[in-house]
Amino acid sequence: MRRGGAALAVVLSICLVAISAGSSSGALAHISATAPVHRACGGAVPPGWVRCFAEWRVGGSRARATGVLAPGIGLPESGYSPADIASAYQLDTTRGSGQTVAIVDALDNPKVESDLATYRHAWGLPPCTSSNGCFRKVNQRGGSTPPFPDPGWGVEIALDVQAVSAACPRCNILLVEADDPSLINIGKSVNTAVRLGADIVSNSYGTDEFNGILGLAATYYTHPGVAQVASSGDVGFGPAQFPAVSDKVIGIGGTSLTKTSTGDWHERAWFGAGSGCSAWADKPAWQHDDHCQMRTVADVSAVADPDTGLAVYDTFGLGPDNGWIEVGGTSLSSPLVGGMIGLAGNADRLVKARWIYWHRSGLHDVVGGSNGYCGGDYLCNAKKGYDAPTGLGSPRGVSAL
């Protein structure tokens with residue numbers, strides 16, 4: 001039964017990242033789960049606004065003279081590298097040229113391009129700059145004057161552009177920064193991203209669904225020929241998150257990703273990954289799970305656990321923690337899958353998640369882990385076949401995309 005007359009209830013979300021000292025390469029060590037956690041986008045927000053879903057944990061490397069990048073800057077000890085992402089998801093990162101992945105976020109990170117350059121140089125990725133045409137940053141109207149800077153959303157912005165770089169180093173990146181985290185301005189930014197030529201739009205934010213989401217989805221998230229991915233949220237099993245709950249958007253869940261002693265990669269549902277059964281969005285014809293008569297979130301997943309997150313370079317507003325941090329949340333899984341769609345070069349067929357359901361043989365079925373209590377049901381437990389925390393599974397190669 002649908003809820004009636006719901007108001008938009010939003011609480012600005014959680015973001016955590018990690019930093020520690022040292023220099024290494026390949027599959028990097030992960031810090032203790034007892035390390036302090038920070039909320040990058042902490043604090044309540046008014047109704048009608050969204051929260052970002054990046055999470056960061058203290059760890060990473062303090063400055064030391066390794067000579068890897070420049071005096072005082074080394075590689076992180078904590079967090080996965082682009083090579084790890086490519087290995088775990090079996091990605092051919094020589095693909096993706098000519099594809100544009102748009103990132104939609106709120107407010108500004110004034111160091112985003114310089115930090116992106118450091119990140120890509122650290123891992124040997126080709127330069128992606130405004131001067132070579134690979135990177136472009138605009139405001140929600142497509143202009144060059146940025147909105148007010150904000151360190152919390154700055155973590156989100158740094159994560160998003162670097163996650164796309166990890167999954168698809170040859171993709172172009174378009175960053176659209178909304179004036180504020182309101183649904184209206186965020187939605188206008190999505191429209192601007194599409195107008196400026198995005199093939200894929202990644203949305204690492206959300207809010208509990210509400211009466212009226214279908215109208216917002218029609219206004220801001222209905223774009224023929226453009227693939228849109230959105231984070232499923234970081235509060236576990238509960239109310240479905242918008243925009244991920246829209247059937248015009250591919251909802252991206254989250255996993256914990258670990259490397260075994262034999263060198264194999266293993267995933268299980270991350271306990272924070274959002275999942276839910278919609279109260280407002282109708283069941284898509286291509287989704288056939290049994291216990292939710294409306295739209296179920298998520299569709300597909302990738303690593304999101306901040307304890308097994310991505311090494312990110314961010315020097316804006318974190319004080320003594322400026323530098324390498326380890327970042328997770330479904331804010332990580334969304335741009336990673338967005339970059340993988342760029343590798344596939346098939347964005348015009350992923351206007352909805354339908355294509356993925358038809359080509360699910362290209363996914364790894366994630367089994368194990370839970371994100372809440374639902375009586376042992378698939379809506380909160382990663383089981384064989386479809387389940388809500390991880391969807392159909394995580395990509396192995398890009399044949400499902």
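So, how much of this chain is buried? Of its 401 residues, 62% count as buried, where buried means under 20% relative accessible area, exposed over 50%, and partly exposed in between, using a 1.4 Å probe and protein chains only. Before I go on, this is a predicted model: local features need pLDDT of at least 70, side-chain atom pairs count only at pLDDT 80 or more, and totals for chains, interfaces and linings use all residues. Residues are numbered from 1 along each chain as its sequence is written, and side-chain values use heavy atoms, with hydrogens and water left out.

Okay, the chain as a whole. The accessible surface comes to about 13500 Å², and 54% of that belongs to carbon and sulfur atoms; the areas come from the Shrake-Rupley method with a 1.4 Å probe, and for residues only the protein chains shown count as cover. We've got seven helices and 19 strands. Those are DSSP runs numbered from the N terminus: helices are H or I with at least four residues, strands are E with at least two.

Now look at strand β11, residues 250-259. Eight of its 10 residues are buried. Which strands pair with β11? I count two strands as paired if DSSP finds at least two bridges between them. Strand β9, residues 227-231, pairs with β11 in the parallel sense over three bridges, and there Val229 stands opposite Ile250. Strand β15, residues 300-303, is also parallel to β11, over four bridges, with Ser301 as the bridge partner of Gly253. Then there's β12, residues 265-269, which runs antiparallel to β11 and is joined to it by five bridges; Thr255 sits opposite Ala269 here. β11 and β12 also make a hairpin with five residues between them, and Gly263 in that turn has a positive phi of about 90 degrees.

Next, another sheet to find on your screen. Four strands form an open, antiparallel sheet in the order β1-β3-β17-β16.

Last stop: helix α2, residues 112-122. This helix lies across β16 and β17, running at about 135 degrees to β16. For that, contact means heavy atoms within 4.5 Å, and axes are lines fitted to C-alpha atoms, for helices over the stretch in contact, with angles from 0 to 180 degrees between N-to-C directions.
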